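Hi everyone, thanks for coming. Let me put today's structure up on the screen, and then we'll walk through a few spots together.

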Amino acid sequence: MWHRLARLVLRFRLPFLILLAAATAFMGWQARNVQLSYEFTNAIPTNHPKYIAYQDFRNTFGEDGTTLVTGVQSDRFFEPSFFAAYQRLVRRWQQVAGVENVLSVPTAIRLQKDTLADKLAAVPAFDSSAVHFETDLSAFRNLPFYNGLLYNPKTHVYIAALRIRKEVLASKNRVKVVSAIQDAGAAFRKETGTVIHYSGLPFIRTRMAAQVQKEMQLFLILSLALTATILALFFRSVSAVVVSMIVVAVGVVWSIGTLVLLGYKITLLTALIPPLIVVIGIPNCIYLLNQYHIQYRALGDKMAALRETIARMGVVTLLTNLTAAIGFGVFFFTKSALLKEFGLVSGINILVVFVISLVFIPAFFSYLSPPTERETRYLDNQRMLATLDRVTRWVFVRRGVIFAATAVLVGIGLMGAFRLRNESHIVDDLPKKDPIYTDLKFFETHMQGVMPLEIVIDSRRKNGAVSLSFLQKLDELDAYLRSLPEGGRPLSIVNGVKFARQAFYDGDSTSYGVPNLFDGAFLQPYLRGSKDSDSTASGSMAFNTLIRSFVDSNRQRARVSVSIADIGSVRLPALLATIRKRTQELFPEKQFTVTTTGTSVVFLEGSGFITDSLRDSILMALAMIVICILVLVRSIPVTLIAVLVNLVPLLLTAGVMGWAGVPLKPSTVLVFSIALGITVDVTIRFLVSYRRERETRSATDAVRATLHETGLSIIYTSLVLAAGFGVFAVSQFDGTRSLGLLTGGTLLLAMAANLILQPALLISLARRRER
């Protein structure tokens with residue numbers, strides 16, 4: 001079959017090249033429309049209870065992750081000149097297209113009682129003329145509502161919360177909005193010398209997505225440059241480098257075009273696909289070029305050598321790419337949308353690269369002159385041949401040492417693997433010196449965090465969420481949440497009611513509290529609200545806005561918003577359990593329904609879900625790969641040897657992670673699946689050659705011949721792969737850096753296992769059968 005395919009490819013090489021060029025042009029046209037993803041909540045399936053609860057929350061109360069938070073720290077904040085500069089900054093922020101409103105000290109309001117109209121009128125806390133600045137400042141400091149919400153009096157930190165329109169956050173315009181906000185902050189810093197700190201999910205998502213896009217381009221350039229350099233050093237041939245670069249470049253175009261055609265966007269995972277295509281596509285080129293040079297030296301005829309290359313390497317490259325595609329493609333069968341996208345696109349394009357390389361390389365070289373002596377001189381590389389001779393001696397003479405060393409390393413790896421822990425944070429992939437990370441820690445230190453946690457309490461009856469007894473319970477929950485070290489100032493309808501009660505008693509701060517039976521009746525007319533939608537400055541409108549934000553239309557469900565620290569996937573469940581226990585004491589399950597949700601909860605739930613899905617997918621991939629190997633070699637003992645050879649490097653990598661304290665999270669668990677899909681390629685390459693040699697030789701002679709035939713290409717491809725993944729080490733994301741270093745190290749370990757451990761096991765198996 002493969003000989004017929006070889007003749008077909010070479011006979012119709014020109015139509016195939018034209019068809020490939022046309023298809024690539026189409027995919028390149030589609031790739032122009034690729035977009036970045038700013039969504040954090042699609043890591044878990046849509047039927048997951050946490051996802052359903054979050055979508056219900058969004059439909060009822062709106063988005064929770066639309067607030068960009070800024071902070072300044074200065075003990076001269078209320079000096080007239082500094083405050084005036086800060087007021088100008090806030091006005092600039094209000095004028096940024098896409099910013100819905102700004103909640104800050106200069107834009108704060110206070111309520112005044114209008115006894116004639118039975119309403120609470122909202123007036124600015126600070127007069128824009130600054131004539132009564134000291135009086136306004138004294139009145140503002142007498143408002144407990146803002147203490148802990150907009151400022152920390154102990155550390156002199158002052159907060160501004162910029163609410164950005166959700167349609168802007170869902171588009172690429174969010175980058176311009178965030179940049180405009182930072183530009184205004186830079187002008188303020190130049191004027192006053194005071195640093196502006198930025199955080200909140202809109203800021204974190206935007207900056208991380210921009211960094212992902214920047215690194216995707218950097219990785220692509222570095223991987224192409226590095227692999228081209230290594231290929232040039234190996235083959236000493238311009239044509240070999242050029243054809244290899246064309247193959248992987250076409251594969252990259254197809255991968256991005258596939259993203260667009262399937263309606264996917266660039267995420268932290270799918271951004272890795274183009275450089276992965278480069279890294280995975282290069283071994284195809286090395287195997288085919290190496291075999292072409294071997295066959296040309298043996299046959300002396302260019303076209304005959306190309307036909308024999310396709311016939312011999314077609315099945316090998318098909319199986320190696322198939323197993324790699326399986327390693328990635330099994331992610332499609334998980335329930336995570338992120339993993340489905342990554343698995344489907346990577347799996348498809350690994351097979352696409354196989355087809356491209358099998359058609360393009362023979363067709364390309366059929367139009368070139370035959371290889372020169374200089375281009376095939378690497379086949380006689382004395383240093384490499386000496387290394388292979390040394391490996392061969394170890395395999396035949398020191399098998400006991402090899403097995404003992406493997407057992408010791410596996411034991412150490414197992415001990416390290418038991419030290420692994422599963423933990424992830426929202427920004428844990430960022431370096432500790434990155435401004436996003438340092439600013440987040442600034443807000444956690446001074447305001448206890450900015451990550452949204454939402455608690456929804458369903459009273460199960462209309463108007464139940466505004467009843468006096470419900471508000472009193474809500475106030476107790478508010479006090480409890482304030483006492484938690486992981487959380488900041490809670491905000492709910494009860495804070496608005498307490499604010500209104502203080503205004504009812506002419507601004508007396510001692511009256512900031514939940515109404516009682518006595519004053520509740522007198523306060524009710526002021527809280528009833530006005531139907532005049534044009535009266536935007538009235539207290540009734542302000543209160544109605546609060547009602548809509550923190551109570552549903554039937555006033556049956558109330559929302560409590562808490563900004564928490566990025567405490568991670570280990571501590572967050574414990575915190576939620578503590579909160580749930582207290583809420584159930586205040587709101588018994590027989591009468592109320594309590595739900596905890598929010599972007600931070602869904603994101604961390606998604607991280608855990610991805611980690612679990614990756615572990616399941618590794619087992620699924622391993623099972624499918626075992627079946628492929630069993631079909632290929634038709635021997636259970638040899639299949640078990642192949643599985644063992646591929647598991648040892650993974651186990652050693654897990655041990656290194658455990659001893660080094662690297663946690664299990666999506667980016668690091670991905671190492672095992674990627675490495676398994678790639679290292680099996682080397683094993684299959686070795687076993688196919690061994691099986692062919694075994695037909696005419698004894699087991700020991702077949703092993704020796706296989707080592708010398710495949711050893712050179714295995715070493716070259718492993719070095720290229722390790723170097724290709726090594727480019728991820730320059731990433732700003734710790735997870736991506738760990739992925740590159742750990743995968744590169746695993747591939748080098750797999751090279752050693754395939755060239756040393758696997759032949760030793762095959763010889764031992766053969767001699768045991770002989771006995």
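Let's start with a quick one: is Phe 333 buried or exposed? Phe 333 counts as exposed, at 56% relative accessibility, because exposed means over 50% relative accessible area, buried means under 20%, and partly exposed is in between, using a 1.4 Å probe and protein chains only.

Before we go on, this is a predicted model, so local features need pLDDT of at least 70 and side-chain atom pairs count only at pLDDT 80 or more, while totals for chains, interfaces and linings use all residues. Residues are numbered from 1 along each chain as its sequence is written, and side-chain values use heavy atoms, with hydrogens and water left out.

Okay, rings. A search of the whole structure turns up 35 aromatic pairs. One of them is Phe 332 with Phe 333: the ring centres are 5.7 Å apart and the planes stand at 80°, so we call the pair edge-to-face. The rule here is that rings of Phe, Tyr and Trp (its six-membered ring) pair if their centres lie within 6.5 Å; planes under 30 degrees apart are stacked, over 60 edge-to-face, and the rest tilted. Phe 332 is partly exposed, with a relative accessible area of 32%.

Now look at Phe 470 and Phe 592. Their centres are 6.0 Å apart and their planes are at 50°, so this pair is tilted. Phe 470 lies in helix 16 and Phe 592 in the loop between helix 20 and strand 10, so the pair ties together parts that are 122 residues apart in sequence. Both Phe 470 and Phe 592 are buried. By the way, helices (H or I, at least four residues) and strands (E, at least two) are DSSP runs, numbered from the N terminus.

Let's stay with helix 16, residues 468-483. Helix 16 has 16 residues and reaches 23 Å from its first C-alpha to its last, close to the 22 Å expected at 1.5 Å a residue; that expected span is 1.5 Å times one less than the number of residues. Which elements do its buried residues pack against? They pack against strand 8, helix 17 (493-504), strand 9 and helix 20 (568-586), where contact means heavy atoms within 4.5 Å. Among those buried residues are Leu 471, Leu 474 and Tyr 480.

Three strands form an open sheet in the order 9-8-10, with antiparallel pairing; two strands pair if DSSP finds at least two bridges between them. Strand 9 (557-564) and strand 10 (593-597) stand at the edges with a single partner strand each, so one side of each has no neighbour in the sheet. Strand 8 (residues 451-458) pairs with strand 10 over 5 bridges, and one to find on screen is Ile 455, whose bridge partner in strand 10 is Thr 596.

Next, a charge over a ring, which takes NZ of Lys or CZ of Arg within 6 Å of the ring centre and within 35 degrees of the ring normal. Arg 489 lies over the face of Phe 145, 5.6 Å from the ring centre. The charged end of Arg 559 sits over the ring of Phe 550, 5.1 Å from its centre.

Last stop: backbone angles. Most residues other than glycine have a negative phi. Asp 506, though, has a positive phi of about 60° and is not a glycine. Asp 506 lies in the loop between helix 17 and helix 18 (517-527), and Asp 506 is exposed, with a relative accessible area of 67%.
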